[in-house]
Amino acid sequence: MRCEKLSEAKKNRHPSIHYTGSVRGMKKLGYWDKDDVCVRCGQYIYNLSKVVGR
């Protein structure tokens, strides 16, 4: 996982969890795929491989 600056539009377009959450847990439970790209921006971790609202 890497840190990256995201625009507000990108933040609204991708699912996120708080940085205290578990990316490993999201992937283990099957909510996120194992090869999804995740980045941290501020206090949230965004999954850039998924799009919300389609």
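## A helix and its salt bridge

E8 and K11 both sit in helix α1, which covers residues 8–13. They are 3 residues apart, about one turn of the helix. This is a predicted model. In it, the side chains of E8 and K11 meet in a salt bridge, at 3.5 Å from N to O.

How exposed are E8 and K11? E8 counts as exposed, because its relative accessibility is 52%. K11 counts as partly exposed, because its relative accessibility is 24%.

## Confidence

The mean pLDDT of the protein is 94. Of its residues, 98% reach 70 or more. Confidence is lowest in β1, at a mean of 90. Confidence is highest in β2, at 97.

## The sheet

Four strands build the sheet: an open sheet of 4 strands with mixed pairing. The order is β1-β3-β4-β2. Which strands lie at the edges? The edge strands are β1 (2–3) and β2 (16–18). Each of these pairs on one side only. Strands of a sheet pair through backbone hydrogen bonds, either parallel or antiparallel. β1 and β3 run parallel, joined by 2 bridges. β3 and β4 pair in the antiparallel sense, over 4 bridges.

Some bridge partners can be named. C3 has R40 in β3 as its bridge partner. V39 stands opposite Y46 in β4. C41 has Y44 in β4 as its bridge partner. β3 and β4 form a hairpin with 2 residues between the strands. There, G42 takes a positive phi near 65°.

## The nonpolar core

Which residues make up the largest nonpolar core? It has 5 residues: I17, V23, W32, C38 and I45.

Take I45 and look at its contacts, leaving aside neighbours within four places in sequence.

## P15 and its surroundings

P15 lies in the loop between α1 and β2. What does P15 touch, not counting residues up to four places away in sequence? P15 touches W32, I45, Y46, N47, K50 and V52.

## Salt bridges

How many salt bridges does a search of the whole structure find? It finds 4. The E8 and K11 pair is one of them. R2 forms another, with E4, and the closest N and O atoms are 3.0 Å apart. R2 counts as partly exposed, because its relative accessibility is 45%. E4 is partly exposed as well, because its relative accessible area is 25%.

D33 forms a salt bridge with K50, where the closest N and O atoms are 3.3 Å apart. D33 lies in the loop between α2 (23–28) and β3 (38–41), and K50 lies in the segment after β4 (44–47), so the pair ties together parts that are 17 residues apart in sequence. D33 is partly exposed, because its relative accessibility is 39%. K50 is partly exposed too, because its relative accessible area is 26%. D36 joins in: D33, D36 and K50 are linked in a network of salt bridges.

## A buried lysine

K27 lies in helix α2. Which side chain of opposite charge is nearest to K27? It is D36, 6.5 Å away. K27 is buried yet has no salt bridge. A salt bridge needs the nitrogen and oxygen within 4 Å.

What is K27 in contact with, leaving aside neighbours within four places in sequence? K27 is in contact with W32, D33, K34, D36 and C38. D33 and D36 are part of the network of salt bridges with K50.

Notes:
Residues numbered from 1 in each chain as written. Predicted model: local features only at pLDDT ≥ 70, side-chain atom pairs only at ≥ 80, totals over all residues. Heavy atoms only, no water. Core = buried A, V, L, I, M, F, W, Y, C linked by side-chain atoms within 4.5 Å. Buried < 20%, exposed > 50% of the residue type's maximum accessible area, 1.4 Å probe, protein only. Contact = heavy atoms within 4.5 Å. Lys, Arg positive; Asp, Glu negative; His and termini not counted. Pairing = 2+ DSSP bridges. pLDDT = per-residue confidence, 0-100.
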